Structure formats: C-alpha cells, structure tokens
Amino acid sequence: MKLERIRFFPTCKKAKKHFAHRVVVGLGGNEGDVKKRFVKLYRTFLDDPRFFIQESSAVLKNPPFGYLDQPDFYNAVIVLQTSLHAKALLKVLLHVEHLFGRVRLFKNGPRTLDLDIIFFDNQKIQQPNLIVPHPRWQERASVIVPLFTLKSFKG
C-alpha cells in the first residue's frame, strides 16, 4: 500500500450552508489511467451545480481483493455537499460511472471507475439497491486509509 498525492487529492474547503446533505463517496479504479480519471472526475463534480466538493483524501494504491488476478487499485474518498436525496445521488453516481467507461463484468472485477456512497449524513438506509453506511466499509483499507487522511474525519 502506498499513499499518493495527485492534483486535487487531497483538498479541503470550508463547507457551504445552502446544501442539505454531506456525503462521503468512495472512489476506486484499476483500469487505464486512474489518477488522470480521478482528476477528471473531480472537475466533473466541480462543474456540476448540484455538488460542492468540501474535501478529498490522498489517493491510496493498494492490491485488489476478491478477484486477485488484476492490477492494483487506486482509491480515495471525496466529501460532497448536495441537496439530492440518497436515491437520486446513487442514480447520478451510476450515470457518472457509465460516462467514465464502467462495465460490470463480474463481482470485484477490474473497473475504470467505482463510486460508492460510504456515508450520507448520519443516516442509516436499507433499500434493495442502497445500503448506507456502505457495507463492510470499516473492514476495507481502501476506505479507512483515505478517510483518515481527511482533515474533517473524526474517526
């Protein structure tokens, strides 16, 4: 495992008051130029008025889990403010994954971009396609290590 800094990762800004929710989104990928894709993703959120990027973590390069015969992953977390409700946010994130070339071939397989809602305010959500906090987040170094690089994370 190795922490890396790339443009916009890490960053920290003062929160804006006019957004209803604070969300932690996990970022991952291991196909193609993932670091360049993270920068492009940051700019995508920056240009979308539905979001304010409050903070981003350092980037962690780490080995895959589950299916092991694939390249190492790059992972980070980003703290967004939004007024979208959780289900609408999930729909946007799935659309962004698709725009960035995500194809789901099999569980834990290689991917260009993976976006997961880790936390949505302090809410607990149990729906068929959405569980928050993200299941097993506390067992994954790919989430925990980037979280601990956030200035706003209280552990």
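## Pockets and cores

In this predicted model, β3 is the main contributor to the lining of the second largest pocket, giving three residues. That pocket has a volume of about 230 Å³. Its lining consists of Arg22, Val23, Val24, Phe119, Phe120, Asp121, Asn122, Gln123, Lys124, Val132 and Pro133. Two elements, β3 and β7, each give two or more residues to this lining. By class, the lining holds six nonpolar, two polar and three charged residues.

Now turn to the largest pocket. Its volume is about 980 Å³. The lining takes in 40 residues. Nearest the centre lie Arg111, Asp114, Asp116, His134 and Arg140. Six elements supply at least two lining residues each: β3 (21–29), β6 (73–82), α2 (86–99), β7 (114–120), β9 (130–132) and α3 (141–148). Here β7 gives the most, with five residues. The lining divides into 21 nonpolar, ten polar and nine charged residues.

One of the residues nearest the centre of the largest pocket is His134. It sits in the loop between β9 and α3. Is His134 buried or exposed? His134 has a relative accessible area of 16%. The cut-off for buried is under 20%, so His134 counts as buried. Leaving aside residues up to four places away in sequence, His134 touches Asp116, Ile117, Ile118 and Arg140. Of these contacts, Asp116 and Arg140 are also among the residues nearest the centre of the largest pocket.

Not counting residues up to four places away in sequence, Ile117 touches Val23, Val24, Ala86, Leu89, Leu90, Leu93, Leu130, Val132 and His134. Val23, Val24 and Val132 in that list also line the second largest pocket.

Which residues touch the most other members of the largest nonpolar core? They are Phe9, Phe38 and Ile117, in a core of 34 residues. The elements giving two or more residues to this core are β3, α1 (34–46), β4 (51–56), β6, α2, β7 and β9. A second core is separate and has eight residues, including Val77, Ile118, Phe119 and Leu150. Ile118 is a contact of His134, while Phe119 lines the second largest pocket.

Notes: Residues numbered from 1 in each chain as written. Predicted model: local features only at pLDDT ≥ 70, side-chain atom pairs only at ≥ 80, totals over all residues. Heavy atoms only, no water. 1 Å grid on protein atoms, 1.4 Å probe; cavity = no way out; pocket = protein on both sides within 12 Å on 5 of 7 lines; lining within 4 Å. Points joined across faces, edges and corners; volume = space filled by probe spheres on them. Helix = DSSP H or I, 4+ residues; strand = E, 2+ residues; numbered from the N terminus. Nonpolar A, V, L, I, M, F, W, Y, C, P; charged D, E, K, R; others polar. Buried < 20%, exposed > 50% of the residue type's maximum accessible area, 1.4 Å probe, protein only. Contact = heavy atoms within 4.5 Å. Core = buried A, V, L, I, M, F, W, Y, C linked by side-chain atoms within 4.5 Å.
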